[in-house]
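Hello,

Here is the structure I said I would pass on. Please open it first, then read the notes below with it on screen.

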Amino acid sequence: MEIRSAVDFYERHPISCAIILAKLAASRGHLDGLVPEELFPHDQDHYGGLAANDALAQRAGIGPGTRVVDFCAGLGGPARYLAQRHGADVTGIELALARVRGAEELTRRVGLQDKVRIIGGDVRQVPLADASVDVVISQEALLHVPDKPRVLAEAYRILKPGGRLVFTDWVAHFPLSEADRELMWQGMAVTELYDLPAYAAVISRAGFVVGAEDLTAEWGAILTQRLAMYRRLREETQAAGTPAGHDAFYESYVRFVDLVNAGMLGGGRFEGGKPA
Ligand SMILES: C[S@@+](CC[C@H](N)C(=O)[O-])C[C@H]1O[C@@H](n2cnc3c(N)ncnc32)[C@H](O)[C@@H]1O
């Protein structure tokens, strides 16, 4: 299937609600009485796992009752974690409807539906009222969204005065070649990227007071380990004679890890405050 949007990519993504539930059913024999902690090893679709959520929570001051919106919520992993571990009330915005339905099912199965809701929508046009939430977060997802100024304007609009925006995203420390840009788009639905100072400037232009941290070294170590795991899985499936999965993804992932380790691509964590 040709990639035309992030939704195309996420419709064939290897992590899905059905796959998570099948794994859990195989390991525990049934799905009765699931608790959120059992999902956490499977439902976090970003680098750095639960610690990356804690880093956002700490920087945004998330605690019991904080009204949080998660931009590009995926299967709702960070949203459920922030509700369960930090007591937040979380609304996720997610474009791919299969993931919205998967998020709803996972949330219901672990009994968090009163604190977490994932709604279908585009973060470029958020279906929430002005000045209605305390915190906006996003984990490693805006790389898929063109027109980041519009996304940041939406975050600013829905935040109350004094509210905080904290998120992680890919950055391009140097401009990519046309061939690499095409590879990242075809394999992982990556759209426009900024370098760290340019990203901070775009956030600032949306009205926020900004801070930025470079996560590239941290991500390089995580990605190198993940690539070794993907390689092992591919070798095992190839040895077993079964299809080894999405080749465009694998090819672009190998190149992505090279580019991160070469310091061309990387990650950033950004913090913005809406003036009180
Ligand atoms: C890498 S996943 C991250 C999911 C989640 N943040 C997590 O950490 O588990 C990126 C998600 O962004 C969603 N997405 C992409 N473009 C979007 C948009 N314009 N509006 C809302 N969600 C979008 C994708 O469908 C996908 O589920």
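**Helix packing**

The helices H4 and H5 cross in a right-handed way. Please keep in mind that this is a predicted model. Helix H4 covers residues 49–60, and its axis runs 10 Å from that of H5, at an angle of about 65 degrees. Angles of 65 to 115 degrees count as roughly perpendicular, so H4 and H5 are roughly perpendicular to each other.

If the wording is new to you, two packed helices are described by the angle between their axes and the distance between the axes. Two other pairs can be described in those terms.

- Helix H7 (residues 148–158) packs with helix H9 (residues 196–205) at about 45 degrees, and their axes are 9 Å apart. H7 and H9 are therefore oblique to each other. Their crossing is right-handed.
- Helix H8 (residues 178–188) packs with helix H11 (residues 247–261) at about 130 degrees, with the axes 8 Å apart. This pair, H8 and H11, is therefore oblique too. H8 passes H11 in a left-handed crossing.

**A helix in the open**

Helix H10 takes in residues 216–239, which is 24 residues. From its first C-alpha to its last, H10 reaches 34 Å, close to the 34 Å expected at 1.5 Å a residue. How many of the 24 residues of H10 are buried? The number is two, so H10 lies largely in the open.

**Around the ligand**

The ligand has 23 residues around it, and those that come nearest are Asp45, Cys72, Gly74, Leu95 and Gln139. By class, the shell holds eleven nonpolar residues, six polar ones and six charged ones.

Isoleucine 20 sits in helix H2, which spans residues 17–28. Is isoleucine 20 buried or exposed? A residue counts as buried if 20 or more other C-beta atoms lie within 10 Å of its own. Isoleucine 20 has 21 within that distance, so isoleucine 20 is buried. To get a sense of scale, go from isoleucine 20 to glycine 207: they are 187 residues apart in sequence and 39 Å apart in space, C-alpha to C-alpha.

Regards

Conventions
Residues numbered from 1 in each chain as written. Predicted model: local features only at pLDDT ≥ 70, side-chain atom pairs only at ≥ 80, totals over all residues. Helix = DSSP H or I, 4+ residues; strand = E, 2+ residues; numbered from the N terminus. Expected span 1.5 Å × (residues − 1). Buried ≥ 20, exposed ≤ 12 C-beta atoms within 10 Å, placed from the backbone. Near = placed C-beta within 6 Å. Nonpolar A, V, L, I, M, F, W, Y, C, P; charged D, E, K, R; others polar. Axes fitted to C-alpha atoms, helices over the stretch in contact; angles between N-to-C directions. Parallel < 35°, antiparallel > 145°, perpendicular 65-115°, else oblique. Left-handed = near helix turned anticlockwise from the far one by under 90°.
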